[in-house]
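Thank you for making time for this short talk.

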Amino acid sequence: MILAKRPEVDRFLARPDAGIRAAVIHGKDRSGVAERAEILCKAITPDLNDPFNVTVLTDSDIDGDEARLEEALTALSMIGGRRLVRVRLGADKASIDKMLAAALKTHGEGGYNPDAMLVIEAGALGRDSALRKAAEAGKASVGIACYEDEAGDIARMTREALATDKVGLTSDALAVFVARLPKERGLMRQEIERLALYVGPGSGRTIDVEELDAHLGVEADASLADAALQAFGGRPAPAQSGLRRALAEGESAVMAVRSASIHLGKLRRINVLQGSGAGAKEAAKAAGVFWKQEAEMLRQARAWRLEELDVVQDSVNTADVATKTTGLPEHLIAERLLLEISARARRLGL
C-alpha cells in the first residue's frame with residue numbers, strides 16, 4: 001500500500017492500523033524520514049529504549065547476516081505489548097535492499113511474529129528498489145515517500161512549534177520566514193528553535209517583519225557569507241555550522257570557497273584604504289560591507305594585516321583548484337579551508 005497524501009500519512013503515523021506489520025519510510029530528506037519514523041515507532045512502543053520490546057538494527061548489522069533480522073522479527077515479547085523492529089539504512093546497497101524486501105514480504109504474510117512491527121528508514125529509493133516495491137505491493141505493509149515540504153506545510157509546522165513556546169509571527173513575517181528557511185527538515189527545526197529563543201519562550205510576543213529582520217542567521221542565501229564571516233572572526237563552530245547549513249540548502253563547495261575569497265577581498269580593501277588615509281567607516285563602506293557587519297569587519301581588519309591575508313589567499317586558491325580538479329569530497333575541502341582560517345584568526349587574537 002502507498003501512502004502519499006499528508007493527512008493520511010499523519011493519521012497512519014499517529015495511529016497505525018493493527019493489520020499493518022511493516023512500513024518503509026524513505027526519502028532524500030533524512031531528517032524528515034527520521035522524524036516520521038520516530039512518530040510511528042512511539043505509536044507502536046512508547047518507550048523506544050525498552051530492551052524487551054524494541055530492536056534497532058543498521059545496515060551494517062544485517063549486511064551478510066540475514067539470521068539477525070529474522071531473529072528480531074521472530075522474537076516474542078517477554079512482558080506483553082507489540083514488538084518493534086526498527087531498521088535504519090545509511091547506505092544504498094542492492095543486496096541489503098533485496099534481503100529486506102524478502103524479509104518484509106515474509107513478515108507481511110505472517111511468516112514471523114505477527115505482533116511485531118517492522119519499520120525501515122531509508123534514503124531516496126527509486127522505483128526499481130525491490131524494498132520499495134515490496135512495501136507498496138503488500139496488503140500488510142506501507143510505503144511512505146518523504147518529499148520536500150510544501151510552503152503550506154512549513155508554515156503550519158512553524159506556527160505549531162512557535163505556539164508551543166507561546167510566541168508567534170505576524171502573517172507577513174511568517175511568509176518571509178518560511179521563504180528563507182532551508183529545505184531540509186532537521187535544519188528547519190533548528191532555525192525555528194533559534195527564532196523562538198530570540199523572541200523569548202513563554203513571552204507571548206508576536207513579532208513583525210521588521211523585528212524578524214533583526215534576527216540573524218535565518219537567511220538561506222546568507223549562509224555562505226556568514227560562514228566566511230565566522231571563520232575570519234576565529235569562530236570555527238559557527239563557521240562549520242553555517243557551511244553545513246548552506247550545503248544542505250543546495251549551495252556548492254565551490255561557492256563556499258568563493259565566499260571566503262570575497263570576504264578576504266573586503267578585508268584586503270579595508271586595509272589598503274586605511275593605509276591610504278581613509279577612515280575606518282569610510283573604508284568599510286567602500287569595501288561593500290553591510291552596515292550590520294561593519295563593527296565585526298573592522299575588528300577583523302585590525303587583526304588581519306596584508307601579509308596574513310596573502311598567506312590565506314594561497315590557501316583559498318589551492319582549495320578553489322582542489323574543488324574543481326582533484327575529485328576529493330568538495331565539502332571536506334571547503335570545511336578544511338574554513339577551519340584553517342579560523343585557526344589562523346585565533347592565533348591573531350580574534
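Predicted model: local features only at pLDDT ≥ 70, side-chain atom pairs only at ≥ 80, totals over all residues.

**A walk through the model**

Let me begin with E340, which counts as partly exposed because its relative accessibility is 29%; by the cut-offs used here, buried means under 20% relative accessible area, exposed means over 50%, and partly exposed lies in between, with a 1.4 Å probe and protein chains only. Residues are numbered from 1 along each chain as its sequence is written, and side-chain values use heavy atoms, with hydrogens and water left out.

The side chain of E340 meets that of R344 in a salt bridge, at 3.8 Å from N to O, where a salt bridge is a side-chain nitrogen of Lys or Arg within 4 Å of a carboxyl oxygen of Asp or Glu. Both residues belong to helix α17 (residues 330-347), and because they are 4 residues apart, about one helical turn separates them. Helices (H or I, at least four residues) and strands (E, at least two) are DSSP runs, numbered from the N terminus. R344 is partly exposed, since its relative accessible area is 22%. Elsewhere, salt bridges that share partners join E38, R86, R88 and E121 into one network.

By this rule the count comes to 21 salt bridges. Among them is the one between K105 and E109, at 2.9 Å from N to O, and here E109 is exposed, because its relative accessible area is 59%. Another joins E211 and R205 at 2.4 Å, again from N to O; E211 counts as partly exposed at 26% relative accessibility, and R205 is partly exposed with a relative accessible area of 32%.

Now let us turn to a strand. How many of the residues of β2 are buried? In strand β2 (residues 22-26) the answer is 5 of 5, so the strand is mostly covered. In a regular strand the side chains alternate between the two faces of the sheet. In β2, A22, V24 and H26 point one way while A23 and I25 point the other way, and all are buried.

Which strands does β2 pair with? Two strands pair if DSSP finds at least two bridges between them. With β5 (residues 116-122), β2 pairs in the parallel sense over 5 bridges, and A22 stands opposite L118 there. With β6 (residues 141-145), β2 also pairs in the parallel sense over 5 bridges, and in that case A23 stands opposite V142.

My last topic is a pocket. On a 1 Å grid over the protein atoms alone, a pocket is an open set of points with protein on both sides within 12 Å along at least five of seven lines, and lining residues have an atom within 4 Å of a point. The second largest pocket has a volume of about 490 Å³, where grid points are joined across faces, edges and corners, and a volume is the space filled by probe spheres set on the points. Of the 26 residues that line this pocket, the closest to its centre are R6, D10, R36, D149 and R185. The elements that give two or more residues to the lining are α1 (6-14), α2, β6, α7 (151-164) and α9 (185-199), and α7 gives the most, with 6 residues.

Key:
1 Å grid on protein atoms, 1.4 Å probe; cavity = no way out; pocket = protein on both sides within 12 Å on 5 of 7 lines; lining within 4 Å.
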